[in-house]
There are 2 protein chains.
Amino acid sequence: MSDAAHNSGTNATPHELKARRSGIDTRDEPVVYMRADCPVCRSEGFRAHARVFLKLRDRHVIATIHQVFGDLVGLDEAALSEAAWHRLDPRPGDLVTVGHPRPLLSMSAVRSKVYGKRMDEESLDQVVGDLVAGRYSDIEAAAFITACAAHPLDLTEMGSLTRAMVESGERLHWGRSPIADKHCVGGLPGNRTTPIVVSIVAALGGTIPKTSSRAITSPAGTADMMETVAPVELDMPQIHRVVERTGGCLVWGGAVRFSPADDLLIRIERALDIDSEGQLVASVLSKKIAAGATHVLLDIPVGPTAKVRDETAAARLTASLSKIAALFDLKLRVVTSDGSQPIGRGIGPALEAYDVLGVLQSHPTAPSDLRDKALRLSAELLELVELAPPGRGLKAATEALDQGQAWERFKEICEAQGGMRAPPRAEHRRPMPTTTSGQVVAVDNRKLARVAKLAGAPDDKGAGIEIHVRVGDRVAKGEPLYTIHSENRGGLDYALEYAKQAEGVITIGDGE
Amino acid sequence: MSDAAHNSGTNATPHELKARRSGIDTRDEPVVYMRADCPVCRSEGFRAHARVFLKLRDRHVIATIHQVFGDLVGLDEAALSEAAWHRLDPRPGDLVTVGHPRPLLSMSAVRSKVYGKRMDEESLDQVVGDLVAGRYSDIEAAAFITACAAHPLDLTEMGSLTRAMVESGERLHWGRSPIADKHCVGGLPGNRTTPIVVSIVAALGGTIPKTSSRAITSPAGTADMMETVAPVELDMPQIHRVVERTGGCLVWGGAVRFSPADDLLIRIERALDIDSEGQLVASVLSKKIAAGATHVLLDIPVGPTAKVRDETAAARLTASLSKIAALFDLKLRVVTSDGSQPIGRGIGPALEAYDVLGVLQSHPTAPSDLRDKALRLSAELLELVELAPPGRGLKAATEALDQGQAWERFKEICEAQGGMRAPPRAEHRRPMPTTTSGQVVAVDNRKLARVAKLAGAPDDKGAGIEIHVRVGDRVAKGEPLYTIHSENRGGLDYALEYAKQAEGVITIGDGE
């Protein structure tokens, strides 16, 4: 029986309602707004929170019903949330068919996992397929995430999940090797080494097609930062052209569909604050494999407030990552780094871009921690893809940076992506002076990030924070600790209000 | 720091928006509709799906943001879903304060449970408290349910959860003993023994304050059936009065707040189709303890399609129930019964009521399976509360029924609850004749339930199905197998359409 026949509901005459855009954004869980007293709800006995199968020509989606009283929605209408609207893509006057969804067969494998059974390759394929098709509710996705944390995936399961996630989305094929990539597990504020590493590796002849994410809870993601200097929303053919021309790219991963189940799973994991090693391994590796990478450098920042807390945990994660990478013929090198404080000076898209540009231009005032870390990672990656002999990567990377080849290559990549531009400078700035003299004893990254977000980051590209001090610095009373940047008066006021009220954004001690 | 101060957000000036009723029912997950470009979302960086703390005078709720584009909601407005509206109960012109929610501390205990740690009494108290306060999103509740299924609660945890659930809601106190109660674990279609058992036990001098649920996925719950003969939405003082006067009551449990966390947990369990013994034990016993019961009879139907599949599973569940009941000085007796086919003839609120009334009136055509089961359960309960000596319960129950005392008592209970009334009779009926002669070999309960729901049950009280045959009966071609009842033409058509199309609602074999 075809999907359509199966899902047209159980009545000979399927229910049809006029598709309408509700203008409501429920994130990635599709919702359909229907009158509680409409013929469909009445005859099918649908209540609020029921899941229904919506079909329009060859497109379909499973949505949750939210029932509407009063005249917000007509009796003959199905108003769609943004997620449902984009999946069905109706034209004016289109009718949407409403029926009962097919039973979610892959949930029975999830239930078995809940009770401690292993999941085989076929089950994991079906789970990922159903996730990508939008058949999982948040509740069901949460059960899957929780089950995989309660009964951790073994290496076979991790391998199957990784493969299923790779195969569920788009893939890039380069027809050659090595294809380099890098990834940082659990980012640090301001840790924008990626554009520098890509420029160095590409400048020295490497191929490094890099996709990055936007900020989810932070004041900026690499894609947000890059967008202040060049377009980042490229499709697959465009990415191919840029990489063939320059050896690298620095684009937003959201514009291509690598491992599309992963975005939903990451959102649920964040909401639950549950980390599962299996999910992390599959998430990271599936995106690299889908991007066509053959050689990947992974940076694991280790620190008490970082995602990975200590070297033991880092070693365990490294072992799993390496074993799964080997299954896919992916050469993997893992480095651990200091995850105890932010990197660079800027927090916010444009301010981080200025840090990156400073390092690429070898500007004397560029943040040396960012430069050092980018060089170290570039060195490792150059040696991994054999563009530098063992032990010679750092010298090669440093020369490419100091002699301007990396900067030239970065500009070429930006031009190829659609044209380089100068990051904005926020109009409203306010230095935050210290009220006492002394030594900087602590910097609260979480509170700094909050000030940056209140100032408007990442939506306002110029907004954020410029930090002037590091732990250990001595400051005199009245000296600025950091400067708030905002594109509008309101954002500055919000950030200031919080910064003044919150204690310990930057702590000054009076001792030596 | 007080809840209010803590939750007023992080700005000195809290954000205030005009409270408005959205007219959207999202079931029990509170939602607030706010413009994506409103000052609160902009300044706080709230995106769709963020959780916010809403406060209005002394009331508050945690809600999920759904972001609105366009002019459905004003820039200065917070439109509330039904659940959020009822929790905040705004008056015209009220302003609602929007802030960041307090971190959900009890989720850290849930996370520990995910990783296999036991939950202590304090943690379970906090989880239940946060559930009742509406602080758990569906995703978080799903993680709790899943964790308790992945790492089953031990007896100590079950006891703690039961106690926490009892203490989180209202309680009835009777100041005497015994107080009888009965419960069926996993209902069967048409299994309406409750009104008969309550009437018999009360008629013989027992005290049996019974609260029941409405249908969730079935064509009728006991409360739906009872509502066709008397009011069932009584508050605590009313329940007290009815029971003091008649010894019994038959009311809807949803109108009182016994174990209020349970409704949310049950909804999530149903959505996931995950059964956890610990949740089941706590759910069943907490409601009985809250209702003031001292002696409880539990009926566990066992059958291949019932909730409990075999006697081994029934024995295991019985052991857990008995141990936890003992912790609360609750005398518990468990009986298992045949769960392989429906009980009685009617499916649907009024049709089931007619079955019950027939048995209570000792009508010769009343369904004997319903009568027999009700008598057996009454006998067990009478012996448990020592209203009958061991082995004499059945005789006492049968006499109370046959001599009309139970029927008299049932009428008194209905009068005390607000007045007895006759169940409606549906205007539209359609007998469904068999197209072949032969023997009834199977009855598909699930499909029968679906026909009843399409006909309008449980919302249309008179709608449903009357079954005329049982497995093993011989039928001649043209003889009706069942009759569809509907209150309107449309419902009848829907039900007919499905019944004609679906195969095997009732299967006739041609053999002997």
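## Ground rules

Before anything else, an angle convention: under 35 degrees counts as roughly parallel, over 145 as roughly antiparallel, 65 to 115 as roughly perpendicular, and the rest as oblique. The axes behind those angles are lines fitted to C-alpha atoms, for helices over the stretch in contact, and the angles run from 0 to 180 degrees between N-to-C directions.

What you're looking at is a predicted model, where local features need pLDDT of at least 70, side-chain atom pairs count only at pLDDT 80 or more, and totals for chains, interfaces and linings use all residues. Residues are numbered from 1 along each chain as its sequence is written, while chains are lettered from A and ligands numbered from 1 in the order in which they are written.

## How the two copies relate

## The interface

Counting contacts (C-beta atoms, placed from the backbone, within 7 Å), 45 residues of chain A touch 46 residues of chain B. Several elements give two or more residues to chain A's side, including strand S5 (59–68), helix H4 (106–114) and helix H18 (445–454) of chain A; helices (H or I, at least four residues) and strands (E, at least two) are DSSP runs, numbered from the N terminus. H6(A) supplies the largest share of that side, with nine residues. And 100% of chain A's interface residues are also interface residues in chain B, so the copies meet through the same surface.

By class, chain A's side has 23 nonpolar, 14 polar and eight charged residues. Here Ala, Val, Leu, Ile, Met, Phe, Trp, Tyr, Cys and Pro are nonpolar, Asp, Glu, Lys and Arg are charged, and the others, Gly among them, are polar.

## Helix and strand across the interface

H6(A) and helix H11 (residues 261–272) of chain B have axes that come within 9 Å and cross at roughly 80°. H6(A) and H11(B) are therefore roughly perpendicular to each other. Ile139(A), Glu140(A) and Ala143(A) meet Ile268(B), Ala271(B) and Leu272(B) there, a contact with five nonpolar, no polar and one charged residues.

There's strand pairing between the chains too (pairing takes at least two DSSP bridges). S2(A) runs antiparallel to strand S5 (residues 59–68) of chain B, joined by two bridges, and Ile24(A) has Val68(B) as its bridge partner.

## A sheet inside chain A

Within chain A, three strands form an open, parallel sheet in the order S8-S11-S12. S8 and strand S12 (331–338) are the edges, each pairing on one side only. Neighbouring strands are turned by 20° on average, direction ignored.

Strand S8 (residues 180–184) has five of its five residues buried, meaning 20 or more other C-beta atoms within 10 Å of a residue's own, all placed from the backbone. Ala180(A), Lys182(A) and Cys184(A) point one way, Asp181(A) and His183(A) the other. Five bridges tie S8(A) to strand S11 (residues 295–302) of chain A; Asp181(A) partners Val296(A), and Cys184(A) stands opposite Asp299(A). Helix H13 (residues 311–327) of chain A lies across S11 and S12, running at about 165° to S12(A).

Methods
Two residues are in contact if their C-beta atoms, placed from the backbone, lie within 7 Å. A residue is buried if 20 or more other C-beta atoms lie within 10 Å of its own, exposed if 12 or fewer, and partly exposed in between; C-beta atoms are placed from the backbone.
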